[in-house]
Amino acid sequence: MAGWLQPVMRRAASAALGMIDRTKGIDLFLFYVLMMAKLVLFDRFVDVPNMSMDVDDVFVGLGTLALVSFWTLWLPVRARVTVLALLNMVLTIIVYADLLYFRYFQDLISIPVLTQAGQVGSLGESIGSLLTPADIWYFIDWVCLIPLVLYLAFRKRKARAQVSFVKPKWVRRSLMRMSLSMIVFATGLTLVFVPVNMATRTWAAGLFASNWWNMSLYNITGVIGFHGYDIYRFGKERLFMDKTVPAEQVSEAEQWFGERGAVRKQLEDDPMFGKYKGMNVIMVQLEAFQNFVIGQKINGQEVTPNMNKLLGESMYFKNFYHQTSQGRTSDADLAANISLQPLPTGSVFIRYPQHQYDSMPSALKDNGYTTAAYHAYDGGFWNRNTMYSAMRYDAFYSKKSFKIDEPLGWSLGDNSFFQQSVDLMLKQKQPFYSYLIGLSSHHPYTIPERAQSLDTGEFTGTIFGDYLQSVHYVDASLGHLVERLKEEGLWDKSIFLFYGDHDNSIREWEPFEKFLGKPLSELERLNILKQVPLFVHIPNGDRSGVYEQVGGQLDLTPTILHLLGISSADKYMIGTPLVTEKPLEGKKVVLRNGSFTDGQVFYIPSEDLLPEHDKCLDFASAAPLETTVCQAGADYARDELTHSDLVIEHNLIKHYRKQP
Ligand code: GP9
Ligand code: MN
């Protein structure tokens, strides 16, 4: 530093301190102004559509600043100014780190992310490209703050008269500081609590229980509030984890999973086990794609002509169920790739990404496969960046890996998405596992006119009509994908399968009944809601046909591992293979609400939890049966859900593997 600068800076800092000392509390005021400006700047930079900062968010921002700083009022002026300056620097670093992380991952840094070294590491490599000149605004105040802190740290203390504890002035000053800090604290709490409470009572109901994206939380809590909540969430789940599992429950769950493994072990004698060893695996998850559209026509036009055509060369499982809960797409992903039940609240991807799981990509990687996930949306959504690196995917191609040359709905149209995914797939070392997640048939299902080619007749202009239209578009995209896989010579070198992730959230039954041309019974409605199509193509179109046997998303990983001859007997998975010489006897599909079906009966537990209100229906005729007929299955369903929850929430797979 130039010699002349030192005294100038010292004098400036001393003048600033003098001013702060005289105009009580202006330091705190300045802290709020500077930090608030940085929070606004953050919001402008991330610029998430429909999420820009409004007055409420400014209040929440100020409130969180008050909550992190109120205690500084207990300190004497000199210490307070130093601490506030340091607090400014620490918060600036956090907010700026979030900004860089967002630019790369479209997400905020959370504690589970920090425990995933790989993820932060991949940011390190491209950090240069994430900086912009305007970022300087975050640090402009440091030009004054750094000299101020240095000056305060090294300034010689003036000798002070000894403080006497009976001195009324000292007592008065302490009381003043305490009450002032309490006022700031209470104001902060109100500024945060009132808008957050209002939001969660209205449009953001359930957000904290089932949050789907950290940015959605940010939209309500602001960036500082988000980190506060993240620490609370992490602490709560960690503390809960270590304290409350009785040892016998831990071993019961282990034994239960052992029995599931033994069922799969027995099936290793099945001729299909290992028949397709070394083949690539291409698995496609389609958004909100329900089963009831397959084979249907509207005004003489097929809704899913390409899928209908595939019936001739693939296996079609017509009684296949989605097993999702509040975690929607991420639950389907968990079920399909990890073979565990979703939790009753929230998404496992968000709540427990740091826990250990046995996943399909991980098992395939151990067997020499290259593994990649493809999804043309923000990588932070459903915490996929973090979860996919924990699941050991070699690569995750999110929105930034795709050219948005066919804008549709939330992002890129499935047609271009599938084609660009194949381009990327062709660069993978074989054998590979490619997991593709489509998005075009996402609620509210409106797609641009250029993509509409179905005459939806009387449903035109309704959400049901839009749904059919988007499903028709996705069917065409899938048809092109199959053609392309054939052209590229991948079709007969791969196990290709696709299924729907969950229902379409349309709760009006009238259009369904009109479309299907009949009134629907309770069981028919349930099946429409819960069934998604599953198509599996194995090389040469082996075993093609329509299968009645029941199955669910949890069976997908065991099915694929079975065909590839990879044992899943020692894996903590629930499902069983569906593609076997003979269907597994007594097979049950358990849904998150405790329902189950085995293809003979359908059990529906009562919402009021009174066993006398439970329903046990005949699967074929929907006729009510004695509830005792379903009793054993209902107990089984409860066990499956309880053990699955226990393993997920308490990270038991890690625990079991650690045991001698
Ligand atoms: C976005 C997609 C949509 O990435 O997964 O999720 P959903 O709203 O269906 O859970
Ligand atoms: Mn979905």
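Predicted model: local features only at pLDDT ≥ 70, side-chain atom pairs only at ≥ 80, totals over all residues.

**What the labels rest on**

Q: Which distance puts Glu-287 in polar contact with ligand 1?
A: An N or O atom of the Glu-287 side chain is 2.9 Å from an oxygen atom of the ligand. That is within 3.5 Å, so this one counts too.

Q: How much of ligand 1 does the protein cover?
A: On its own, ligand 1 has 310 Å² of accessible area, and the protein covers 93% of that.

Q: Which residues surround ligand 1?
A: The shell is Glu-287, Arg-328, Thr-329, His-375, Tyr-377, Phe-381, Trp-382, Arg-384, Trp-410, Leu-439, His-442 and His-502. Each has a heavy atom within 4 Å of the ligand, so each belongs on the list.

Q: How does that shell split by class?
A: There are five nonpolar, four polar and three charged residues around ligand 1.

Q: Why is Ile-437 called buried?
A: Its relative accessible area is 2%. Buried means under 20%, so Ile-437 qualifies. You'll find Ile-437 in strand S9, residues 432-437.

Q: What does Ile-437 touch, leaving aside neighbours within four places in sequence?
A: Its contacts are Gln-285, Thr-329, Asp-333, Tyr-374, His-375, Arg-384, Tyr-388 and Phe-417. Among them, Thr-329, His-375 and Arg-384 are also in the ligand 1 shell.

Q: Why does Met-89 count as buried?
A: Met-89 comes in at 13% relative accessibility. Met-89 is part of helix H4, residues 77-105, and apart from residues up to four places away it touches Trp-142, Leu-145, Ile-146 and Val-149.

Q: How far is Met-89 from Phe-496?
A: They are 407 residues apart in sequence, and their C-alpha atoms are 52 Å apart in space.

Q: Is Ser-216 buried or exposed, and how do you know?
A: Buried: its relative accessible area is 7%, and exposed would need over 50%, whereas buried needs under 20%. Ser-216 lies in helix H10, residues 214-243. Beyond four places in sequence, Ser-216 touches Met-51 and Leu-207.

Q: What makes the length of helix H3 close to the expected one?
A: H3 covers residues 55-69, which is 15 residues, and spans 21 Å between its first and last C-alpha. At 1.5 Å a residue the expected span is 21 Å as well.

Q: Which residues of H3 are buried?
A: Asp-57, Val-60, Gly-61, Gly-63, Thr-64, Leu-65, Ala-66 and Ser-69.

Q: How many helices, strands and buried residues are we talking about across the chain?
A: The chain has 23 helices and 16 strands. As for burial, 55% of its 660 residues count as buried.

Q: What fraction of the contacts join residues at least 24 apart?
A: Taking contacts between residues at least 6 apart in sequence, 75% do.

How values were computed. Residues numbered from 1 in each chain as written. Chains lettered and ligands numbered in written order. Heavy atoms only, no water. Helix = DSSP H or I, 4+ residues; strand = E, 2+ residues; numbered from the N terminus. Buried < 20%, exposed > 50% of the residue type's maximum accessible area, 1.4 Å probe, protein only. Contact = heavy atoms within 4.5 Å. Expected span 1.5 Å × (residues − 1). Polar contact = N/O pair within 3.5 Å; in protein donor to acceptor, adjacent residues only side chain to side chain. Areas by Shrake-Rupley, 256 points an atom, 1.4 Å probe, with all protein chains shown as cover. Nonpolar A, V, L, I, M, F, W, Y, C, P; charged D, E, K, R; others polar.
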